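Subject: Structure for you to look at

Hello,

Here is the structure I said I would pass on. Please open it beside this message and follow along; my notes come after it.

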Amino acid sequence: MTRAMPTSPFDTAAPAAATGLAASLVQSGPCRVDLPRSFRSDMRVPARIFADDDLLADILTGEAVTQLVNVTTLPGIVDRALGMPDMHEGYGFPVGGVAATLLPDGVVSPGGVGFDINCGVRLLITPLTRDALGDRHGELTHEISRSIPSGTGRGGRWALTDGELEHVLAEGARYLVRAKGYGVEADLAHTESCGCLDEADPLAVSPRAKDRGRSQLGTIGAGNHFVEVECVEALLDATAAAALGIEPGRIAVLIHTGSRGLGHQVCTDYVRMFDARLAHFGITLPDRQLSCAPASSPEGATYLRAMAAAANFAWANRQLIAHRVRDVIQRMFPRIAAADVRTVYDVAHNIAKRERHDGRELCVHRKGATRAFGPGHAELPDDYKAVGQPVFIPGSMGTATLVLVGTREAESLSFASACHGAGRRLSRGAAKRQVTGAALRRDLERRGIAVRCPSNAGLAEEAPLAYKDVERVAEVVERAGIARRVARLVPIGVVKG
Amino acid sequence: MRAVSQTLEHVGEWQVAIDADTLEGVFTEAARVVARAVGTTGADSGQWEPIAVQARTLATLLVDWTNELLGRSETSGRAYARVRNFQLRIESSGAAHVSAEVQGRPVDVWLSPLKAATYHRLDLSQRDGRWHATLLFDV
């Protein structure tokens, strides 16, 4: 008996409304346009978008720019609100939005982080070459899919005890590596913030959030989360690639997931709390999903501690998935040691962090945006100090992933931020109108990309045609000066929730 | 009680419109929307579970009710499509309270990319004698 393929809830209706903002945008540099503060009376700072004409045309088709303007109204915001080249419409903040508020009294907004706190990407590079892997890429993809549960709500193999969960929330990836042996010390050095935000407080995380996350460590989740097996196709900066340990023809594994239900619940809890307290703080906002509190208030400080705990959960999640990928590779290729599968870097793209920029202590919100420190930054590991922090711009199954490094210029241009992906250009419903999951699956397989995804509908929603051109996005990032391209990786296996 | 829902276009997230002849219909349809999104369910109906949510406005209550069901689904492994003993109280201040019982079926195949319902573009209003709601989910 054949079982019907699960369907997705997403369907369609009317197209998104166009905005009328284009005429007010002023070119301020290469691939850079500004929207002056005078555009709307409640703006506290200007807005800036990094895009070329084509990407800007896409950005202007939705409400993303209006949402960026809304972000400029946040109390305590400094310099300007920023939109990355992959920016698109979200809720509250646009996806691909960056905003910094001046501490101690500037606000922190859970909507500027998103529900998937510390959603992020980790790139592993293996000693395997494409030639050595041969026709076993399907087997490798299959074994990874068997080893790493996917899908929302699906638990992993490890139901954490209360004590273990407290450690994960307080210590993040550090706990998994040092107490559990799930990884090597070099993983921590090559993870943003060494995989742990010290201000995390498990007591700031609700019992419901803990219950949601308890069995989800080591799982991918659904939506656009994935584990992808890739091959290094080309080096675009051989010197930087050498510093990152990236060589042509090598097999790599890209992990994209976050803090799962635990992070979703933390955001839910604090958006609700802040929304109810806005009047108390005397804050009025154009969008309730921007609800916020001064970082110095008890509410704001508690959120930052809870967010840090959820971020630690996410780093532990990607650490455990990386450990399981290593297990799979070792089982298939016994001569490869776990430590030979190196973490190139693990970077968050939904987070708010205390950072110093231009002599000021700021709370930098990155919602669908990646930190991109340039060469010499004190927070970089020694082996990357000369080249800058790795930044990953994943494609969408059939398309390339670009590895970049941050620039010194990004510090003044974008609070040292770059983009986090290609960025959606079609709704899920629109994607499904243009391609079926079955056809996409056949097309990917024909191109030598193994696919493991339980839902054809879910596959179609994440089809490459639903996303902007990742090569153009990466090129714009480089032309804008906020990161520079190092290597291009192409997918040979995809595991999706 | 008649209620229907349909998806509205949104590039990044998932937006749903609900139309019902009563507020109970809106809240029950919101439960069905979440249950359908969560995944495919088995036949076992399980126990009726009490649920109570309060919020400062009626529209906010709809979001909080929806998020309560989402969170409950993920922790219990059930999809809650059935609602009974629905009681709604709205205070003069605008604060709203809902209590009810919900029944969930175990989820066989998890599908849902739903992370949470948001307050963005939230609407719950009565027009032409019917209740209309718009909910935007992060996915």
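This is a predicted model: local features need pLDDT of at least 70, side-chain atom pairs count only at pLDDT 80 or more; totals for chains, interfaces and linings use all residues.

You can check the pairing strand by strand. S7(B) and strand S8 (residues 130-138) of chain B are antiparallel and share 8 bridges. Thr118(B) has Leu136(B) in S8(B) as its bridge partner. The hairpin of S7(B) and S8(B) has 2 residues between the strands, and in this hairpin Asp128(B) has a positive phi near 55°.

S8(B) also pairs with strand S2 (residues 14-20) of chain B: these two run antiparallel and are joined by 7 bridges. Here Ala20(B) is the residue opposite Trp131(B) of S8(B).

**Chain B as a whole**

Chain B contains 2 helices and 8 strands. Read from the N terminus, its elements follow the order β-β-α-β-β-α-β-β-β-β. The C-alpha trace of chain B spans about 40 × 35 × 25 Å along its principal axes.

A compact globule of 139 residues would have a radius of gyration near 14 Å, and chain B has 14 Å, so the two agree. Of the 139 residues in chain B, 53% are buried. If you take the contacts in chain B between residues at least 6 apart in sequence, 65% of them join residues at least 24 apart.

**Where the two chains touch**

How many residues of chain B are in contact with chain A? There are 36, and they contact 47 residues of chain A. On the chain B side, the elements that give two or more residues are S1, helix H1 (23-38), strand S3 (39-41), H2, strand S6 (96-110), S7 and S8. H2(B) gives the most, with 6 residues. Sorted by class, this side of chain B has 15 nonpolar, 13 polar and 8 charged residues.

Chain A has an open sheet of 7 strands in the order S1-S2-S3-S4-S5-S13-S12, and the pairing in it is mixed. Strand S1 (26-29) and strand S12 (350-357) of chain A are the edge strands, each pairing on one side only. From one strand to the next, the twist averages 40°.

Within this sheet, strand S5 (residues 93-102) and strand S13 (residues 360-367) of chain A pair in the antiparallel sense over 6 bridges. Gly97(A) has Lys367(A) as its bridge partner in S13(A).

**Two helices in chain A**

Two packed helices are described by the angle between their axes and the distance between the axes. Helix H5 (residues 162-171) and helix H11 (residues 298-332) of chain A pack at about 100°, and their axes are 6 Å apart. H5(A) and H11(A) are therefore roughly perpendicular to each other. From H5(A), the contact uses Val168(A), Leu169(A), Ala170(A) and Glu171(A); from H11(A), it uses Ala309(A), Asn312(A), Phe313(A) and Ala316(A). By class, the residues of this contact are 6 nonpolar, 1 polar and 1 charged.

Is Gln216(A) buried or exposed? Gln216(A) counts as buried because it has 27 C-beta neighbours inside 10 Å, and the cut-off for buried is 20 or more. Gln216(A) lies in the loop between helix H8 (207-213) and strand S8 (226-235) of chain A. From C-alpha to C-alpha, Gln216(A) is 8.8 Å from Leu160(A), and the two are 56 residues apart in sequence.

Regards

Conventions. Residues are numbered from 1 along each chain as its sequence is written. Chains are lettered from A and ligands numbered from 1 in the order in which they are written. Axes are lines fitted to C-alpha atoms, for helices over the stretch in contact, and angles run from 0 to 180 degrees between N-to-C directions. Helices (H or I, at least four residues) and strands (E, at least two) are DSSP runs, numbered from the N terminus. Angles under 35 degrees count as roughly parallel, over 145 as roughly antiparallel, 65 to 115 as roughly perpendicular and the rest as oblique. Two residues are in contact if their C-beta atoms, placed from the backbone, lie within 7 Å. Ala, Val, Leu, Ile, Met, Phe, Trp, Tyr, Cys and Pro count as nonpolar, Asp, Glu, Lys and Arg as charged, and the others, Gly among them, as polar. Two strands pair if DSSP finds at least two bridges between them. The radius of gyration is taken over C-alpha atoms; the globule rule is 2.2 Å times the number of residues to the power 0.38. A residue is buried if 20 or more other C-beta atoms lie within 10 Å of its own, exposed if 12 or fewer, and partly exposed in between; C-beta atoms are placed from the backbone.
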